[in-house]
Amino acid sequence: MTARRHAAEELAAEHSAVLGGLLREREELLATLDRVAALNGTARLIRETIGTHSGFVAELAGPEQAVIRWMSGTRTDALQDLAVPIGQGIGGRVLALGKPVRVNDYVNSPSITHQFDAQVRGEGLAAMIAVPIFSGTETVAIAYAAMRERRDFGDDAVQSLEDIATEAGRALKLASVAEADRETALSAERLRMQSALHDSVGALLFSIGVQVRNLHEDISDNPALESRLRRLEGDVSAASRALRESLLALSESSPERALPVELAEHCRSFQARCGVPARFVQLAPVPRLDAERTGLLVAAVREGLLNVEKHAEALSVVVSLLPSEDGVQVVVADDGTGRRTGDPEEPGTGMGLRALAERAARLGGRVSLVRDEDDGCTLRAWVPEPCRRR
């Protein structure tokens, strides 16, 4: 009995250890998918990995300024929310150069400017390294490591900080994708709520209003009831106005958030209408677009799905959204089988596609439709960012 109990205890301890490991991995993953948690964790990791007295991270607040937000191992709030313009101090020099900068005594270093000497003295710091955190080739944040005494940081310390910055850049990219997914899901839920309110509450208010107006005609000889009906009619009108304002607020969404939601809705409508599986995939966050460019990409997907419905005899469709060549591209790809009745000899010569191509050209973009080797077709529509016409 004792041996069996001992074995059971060992098994329970093993399972507990596995569960603890899984929970830790879950917490690490959630931290990675959260931008704030990722950067705060980076500040702590700098101090623990390199062995410095403090680590902190500044995030870009514009193309030429970073703000120190996350700190670990500091004694004061002297550096908290400190704005660092490009070229100023060690962080501003990193912004200007796009490469690591190190000093063995900050307030006496001839290689940097000294606008922030008071804050550095207030925190009691001396030696410091700063490196850029990249997303692709773009600097998105700055990682700092600092000591409270003079010290000559070697190449190993710089390399360690750059390795941490590389991991932070990956975490920020993952967090950006996760944030976009959350925003897309939120926008979709707002659209669902808008539709449900319009169909239920809106229809009910309209019905009540009609009934009140009909009652007016039936009780014209009852002034007291007539007065009560007028008040009721006023209340219904006020409720209808409030509902319209609520529906408008639910529908408000920035173009770059509305685009993936609307494309996903078109895929769902196509699948429900045709019974052909249609999947929407956003491959990466896309740049901000104005309403005109957003409208063109939506129209291109709508035209592509319509062509599939009319001609393709497809078994499945995939609609993709991705950043491309300093702009945004949508792709509608189907696996159409058999001969397409009604298709022109060359794909892409239909009236709808010609109109789309002309519209895209006016924005500096392009639209194309090509037949694949396996009989499927791929429609591509690309537009540049508003400030980058081609």
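Select R170 and E167 first: their side chains meet in a salt bridge, at 2.4 Å from N to O. A salt bridge is here a side-chain nitrogen of Lys or Arg within 4 Å of a carboxyl oxygen of Asp or Glu. R170 and E167 are 3 residues apart in helix 5, separated by about one helical turn. Helices (H or I, at least four residues) and strands (E, at least two) are DSSP runs, numbered from the N terminus. E167 has a relative accessibility of 46% and counts as partly exposed. In this tour, buried means under 20% relative accessible area, exposed over 50%, and partly exposed in between, with a 1.4 Å probe and protein chains only.

The model on the screen is predicted, so local features need pLDDT of at least 70 and side-chain atom pairs count only at pLDDT 80 or more, whereas totals for chains, interfaces and linings use all residues. Residues are numbered from 1 along each chain as its sequence is written, and side-chain values use heavy atoms, with hydrogens and water left out.

**Further salt bridges**

The structure holds 8 salt bridges. Select R268 and E265 next, whose side chains form one of them at 2.5 Å, N to O. Both residues belong to helix 7 (residues 255-274), where they are 3 residues apart, about one turn of the helix. R268 is partly exposed at 44% relative accessibility, and E265 is partly exposed at 29%.

Now move to R148 and E123, which meet in a salt bridge at 3.1 Å, N to O. Which parts does this pair tie together? R148 lies in the loop between strand 6 (138-146) and helix 5 (155-218), and E123 lies in helix 4 (residues 117-123), so the pair links parts that are 25 residues apart in sequence. R148 is buried, with a relative accessible area of 17%; E123 is buried as well, at 2%.

**The nonpolar cores**

Select L263, L297, V317, L321 and V330, the residues with the most contacts inside the largest nonpolar core, which has 35 residues. A nonpolar core is a set of buried Ala, Val, Leu, Ile, Met, Phe, Trp, Tyr and Cys residues joined through side-chain atoms within 4.5 Å. The elements giving two or more residues to this core include helix 7, strand 7 (278-282), helix 8 (291-312) and strand 8 (317-324). Helix 8 gives the most, with 8 residues.

Centre the view on L263. Leaving aside neighbours within four places in sequence, L263 is in contact with F280, L297, V298, V301, L321 and V330. Contact means heavy atoms within 4.5 Å.

Two strands pair if DSSP finds at least two bridges between them.

- Strand 8 and strand 9 run antiparallel and are joined by 8 bridges; V319 stands opposite V332 in strand 9.
- Strand 9 and strand 11 run antiparallel and are joined by 7 bridges; V331 stands opposite R380 in strand 11.
- Strand 10 and strand 11 run antiparallel and are joined by 6 bridges; the bridge partner of V370 in strand 11 is T378.

Strand 11 is mostly covered, with 7 of its 8 residues buried.

Next, select S324 in strand 8. Is S324 buried or exposed? S324 is buried, with a relative accessible area of 15%. Not counting residues up to four places away in sequence, S324 touches Q329 and W382.

**Helix 2**

Finish at helix 2 (residues 35-50), which has 16 residues and reaches 22 Å from its first C-alpha to its last, close to the 22 Å expected at 1.5 Å a residue. The expected span is 1.5 Å times one less than the number of residues. The buried residues of helix 2 include A38, L39, G41 and T42. G51 follows helix 2, and its phi is positive, near 85°.
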